[in-house]
Amino acid sequence: SSLGTAKGSTASGAGHMRTIIHGDQHIYNGPIGAIGPQAVGTINTFEQCWQRMEADVDLAELSTELAQLRSELLKTAGTREAIVELGMLAKAEGEAQSGNGAGVMKALSRIGTAVWETAERIGTDLAAKVIVEASKP
């Protein structure tokens, strides 16, 4: 695949055709983090985010803590946003039970600060740690 600001045109002469590139040309194969002048790379997939934490996270323990956190938040969920976050916690819990760390990160990526604060308050430290990492840009 190719990507970039290159604009090609076709030139011919003496029976031969060739492509002339005006500007930058970027050719890549496979995943990329950034490309081109002044590009900045960031972690761009939940899989990469999970790989940073995988060695430090027991998914079975995380699943248990997410269930505890969800149960605690259920007691006070009165807004639509709180109910949506309960759904995201349930999704993350299911992904942890299935062994899908990247799925956990995706489900927790949009969890709000109040959920993280509750996780810390009730002592679900692993869940709090993973929520913080998942919400990083």
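Okay, quick one on burial first: here, buried means under 20% relative accessible area, exposed means over 50%, and partly exposed is in between, with a 1.4 Å probe and protein chains only. With that in hand, look at helix α5, residues 113-121, where V115, T118 and A119 are buried. Those three cover an arc of only 105 degrees around the axis, which puts them on the same side of α5. The arc, for the record, is that of the directions from the helix axis to the C-beta atoms. In general, an α-helix has 3.6 residues a turn, so residues three or four places apart point the same way.

Before I go on, some housekeeping. This is a predicted model, so local features need pLDDT of at least 70 and side-chain atom pairs count only at pLDDT 80 or more, while totals for chains, interfaces and linings use all residues. Numbering runs from 1 along each chain as its sequence is written, and side-chain values use heavy atoms, with hydrogens and water left out.

Back to α5. The face turned away from the buried side carries T113 and R121, which are exposed. On the buried side, the residues pack against α2 (59-74), α3 (80-97) and α6 (125-134); contact here means heavy atoms within 4.5 Å. After α5 comes G123, with a positive phi near 85 degrees.

Zooming out, the protein chain has six helices and four strands, in the order β-β-β-β-α-α-α-α-α-α. Helices are DSSP runs of H or I with at least four residues, strands are runs of E with at least two, and both are numbered from the N terminus. Of the 137 residues, 30% are buried. Among contacts with a separation of 6 or more, 52% come from residues 24 or more positions apart.

So which residues of α6 are buried? They are L126, A127, A128, V130, I131, E133 and A134. That is seven of the ten residues, so α6 is largely enclosed by the rest of the structure. Its cover includes α1 (46-53), α2, α4 and α5.

Now the α4 and α6 pair: they pack at an angle of about 75 degrees, with axes 8 Å apart. Axes are lines fitted to C-alpha atoms, for helices over the stretch in contact, and angles run from 0 to 180 degrees between N-to-C directions. α4 and α6 are therefore roughly perpendicular. The cut-offs are under 35 degrees for roughly parallel, over 145 for roughly antiparallel, 65 to 115 for roughly perpendicular, and oblique for the rest. V104, M105 and L108 in α4 meet V130, I131, E133 and A134 in α6. That contact divides into six nonpolar residues, no polar and one charged. Nonpolar covers Ala, Val, Leu, Ile, Met, Phe, Trp, Tyr, Cys and Pro; charged covers Asp, Glu, Lys and Arg; the others, Gly among them, are polar.

On to α3 and α4 (residues 101-108): their axes come within 8 Å and cross at roughly 175 degrees. That makes α3 roughly antiparallel to α4. M88, L89, K91, A92, E95 and A96 in α3 meet G103, V104, A107 and L108 in α4.

E95 is buried, at 14% relative accessible area, and touches N100, G103 and V104, leaving aside residues up to four places away in sequence. K91 is partly exposed at 48%, and its C-alpha is 9.4 Å from that of K106, 15 residues apart in sequence.
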